[in-house]
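Try each task before reading its solution.

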Amino acid sequence: METACVEFLKQSLGADNAFMLLTQARLFDEPQLAKLCLEIIDKNTFEALNGEGFTDIDLETLCLVLARDTLRIKEAQLFQAVVRWSTEECARRGLEPTTENRRAVLGRAVQLIRFPLMTVEEFAQSAAQSGLLTDREVVNLFLYFTVNPKPSIGFNDNPRCSVAGKELVVSRFQRIDGRWGYSGTPDRIKFTVDRKIYVVGFGLYGAIHGPH
């Protein structure tokens, strides 16, 4: 019965309920389902953060997600989602959603937000005015954005959604003699793969005069 329930949950998994099912997977110790949920969250981060169950997750799950390098979302948007979570967590604990209480319920999650990945404008308009950072943290981050050498800030500055692994360059032709011939029919390149890949770039050739 348990296996059947897990299979049913896998089939119903989507960006809109990934956080809700992640909570269930962690509660019932289903690592395979949890892994699938995290992959969906990675691919559809913005949708998942605005879907069912995000503000209901516990702090440990929040930190698990914030620590990931593979989230596909701007850090300023991620920060706003964390602010929403902190407000709901205050309500669960019977606390007023003051800046002090929201910082307290977030705990170490604050250190997992990668403020250096924001632009200085994004930081100034959101995090710097949120009250969730200390005055020293705000000053140090502004210095990080504006001066060199950059000060130590205590926040991760590694980009998210980095593509790890070997990069392979595939050329359709080893060399081209003369000009590229074009008869008016469309050119296509079709390929299949046996594992997950990321396409990080491609080159196009076109007519010297006319549309490419």
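This is a predicted model: local features need pLDDT of at least 70, side-chain atom pairs count only at pLDDT 80 or more; totals for chains, interfaces and linings use all residues.

**Exercise 1. Work out which secondary structure elements the protein chain has, and in what order.**

Step 1: Count the elements, which gives 10 helices and zero strands.
Step 2: Look at contacts between residues at least 6 apart in sequence; 66% of them join residues at least 24 apart.

**Exercise 2. Describe the surface of the protein chain and its share of buried residues.**

Step 1: The accessible surface is about 14,300 Å², and carbon and sulfur atoms account for 54% of it.
Step 2: Of the 212 residues, 32% are buried.

**Exercise 3. Find the largest nonpolar core and the elements that build it.**

Step 1: This core holds 43 residues, with Phe19, Phe115 and Leu133 having the most contacts inside it.
Step 2: Several helices give it two or more residues, among them H2 (18-27), H3 (31-43) and H10 (135-146).
Step 3: The top contributor is H6, with seven residues.
Step 4: Now zoom in on Leu133; beyond its neighbours within four places in sequence, its contacts include Phe115, Phe123, Val138 and Phe155.

**Exercise 4. Decide whether Cys37 and Cys63 are buried or exposed, and count the disulfides.**

Step 1: Recall that buried means under 20% relative accessible area.
Step 2: Cys37 is buried because its relative accessibility is 0%.
Step 3: Cys63 has 2% relative accessibility, so Cys63 is buried too.
Step 4: The disulfide count for the structure is zero.

Notes
Residues are numbered from 1 along each chain as its sequence is written. Side-chain values use heavy atoms; hydrogens and water are left out. Helices (H or I, at least four residues) and strands (E, at least two) are DSSP runs, numbered from the N terminus. Buried means under 20% relative accessible area, exposed over 50%, partly exposed in between (1.4 Å probe, protein chains only). Contact means heavy atoms within 4.5 Å. Accessible areas come from the Shrake-Rupley method with a 1.4 Å probe; for residues, only the protein chains shown count as cover. A nonpolar core is a set of buried Ala, Val, Leu, Ile, Met, Phe, Trp, Tyr and Cys residues joined through side-chain atoms within 4.5 Å. A disulfide is a pair of cysteine sulfur atoms within 2.5 Å.
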